[in-house]
Amino acid sequence: MADTTDTTDTTDSKDSAATGASATSTPRKSSWKYIGPGIVVAATGVGAGDLVATLIAGSNFGYTLLWAAVIGCLVKISLAEAAGRWHLSTGRTLFDGWASLGRWTTWFFVVYVVIWGFVYGAAAMSSSALPLQALFPDVMDLKAWAVVCGLVGLVFVWFNKYEVFEKVMTVLVGVMFVVTVYLAIRVTPHLGDAFAGLLPVLPDEKDSILNTLGLIGGVGGTITLAAYGYWVNAKGWTNTGWMKVMRLDNRVAYATTGIFVVAMLFVGAELLHTANVEIASGDKGLIQLTDILEDKYGTATAKFFLIGFFATSFTSLIGVWHGVSLMFADFVARYRSGRVREKGEGGEVASGGEVASGEAIASGGREKSWPFRAYLLWLTFPPIVLLFQGQPFRLIILYGVLGAAFLPFLAGTLMWLLNTSRTPREWRNGLLSNAMLTIAGLLFLILCVKQIWDQPWGEFF
């Protein structure tokens, strides 16, 4: 995705220090047999809420915003590629890079993962429980199913390493793929209208620009984009020899994401827009869609969709349980070892003779560490309390604001890291990468400001 035109004039000594042994690594051919982390990030990034948002876009505007969904995939490709390139070219994790920019990044990350994880845990468990309750209404109620989903996710990630995790995610992605493509074919899309939807046209509706930007920004994950580099390392890709493989893997990830999103937009356009049917936002909208599918195509199709709904929600749950726990474990390791510090004018992170971050993660040590498991417990048990007591109003506001701020933070810091001496000269951003990250940063900054503006701050205080 990114070219590697030199954009920053720095000394060779800094380049060689940053490059280390990775400069001489033998390039691997970009082969399909290596694909893995991309499947994981695609599965984790596309949750039930993303599918509902796309359904609503299709129901409201038909095929008009198909181009926006495609651009959303391209923007997220650039962000994930940049995160992966940082990990492979420097031998350091993304948190190492953030720490080199100043302590403010550490404070943002800590507050974010604590509040975000607390609220997201409850949301992910509820989302996974909805299709199970619909499939087995007489077994348990929604809250009980949610607790079961959280505990199953905890046990699965706790006792399995990345290799097993990736295989299970791949199977679930296969289920998602079959279900969404089947539905897209079943509703018999008008391909002429669909191709016309690739032309960048805004609907003649109030707030159409913000709705369009929201669709672009909502395609394919938030913090899971940052986790991509950690999954790349966990796969065993720890140097620049894997760069071509990583880029192919990343493109496959967002091609897969694009298929999910386009398929659900087809369903929204044909099944809901033509019949002038509205569904609720959030996960409950998919339950409404189940009823519509049953009325139109029969019980078998409706149950088939519920299975795909569960695969979509549960992959997001276990993906976050694994990926963000890896990030938290890396944060704790850096903090405890004293490597999280600013050093001089250049903001370099001292590495000394310590083991490269990527190698540490690839060895499997992070997945068995106490910080990894502590964050797993944080994602699982405190959110169970929210399931039964309701989500605190102020906490939800902070969750929304921090979530909106994360992608501008990610885009901005990646621009900073990949245009300075922190990254080896060969692997710094070129014109294309800088353009895509700039577009991403501006897009998510606008959405962040809107999200903050829309919060009911008067009720907060």
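In the predicted model, the side chains of Lys450 and Asp454 meet in a salt bridge, with 2.7 Å from N to O. A salt bridge here is a side-chain nitrogen of Lys or Arg within 4 Å of a carboxyl oxygen of Asp or Glu. Both residues lie in helix H18 (residues 431-454), 4 residues apart, about one turn of the helix. Helices (H or I, at least four residues) are DSSP runs, numbered from the N terminus. Lys450 is partly exposed, at 32% relative accessible area. Asp454 is also partly exposed, at 46%. Buried means under 20% relative accessible area, exposed over 50%, and partly exposed in between (1.4 Å probe, protein chains only).

Salt bridges that share partners join Glu81, Arg85 and Arg247 into one network. Within it, the side chains of Glu81 and Arg85 meet at 3.0 Å, N to O. These two residues are 4 residues apart in helix H4 (residues 66-90), so about one helical turn separates them. Glu81 is buried, at 1% relative accessibility. Arg85 is buried as well, at 0%.

A further salt bridge pairs the side chains of Asp96 and Arg334, at 3.0 Å, N to O. This pair links distant parts of the chain, 238 residues apart: Asp96 lies in helix H5 (residues 94-100) and Arg334 in helix H14 (residues 299-337). Both Asp96 and Arg334 are buried. In total, the structure holds 6 salt bridges.

Residues are numbered from 1 along each chain as its sequence is written, and side-chain values use heavy atoms, leaving out hydrogens and water. As the model is predicted, local features need pLDDT of at least 70 and side-chain atom pairs count only at pLDDT 80 or more, whereas totals for chains, interfaces and linings use all residues.
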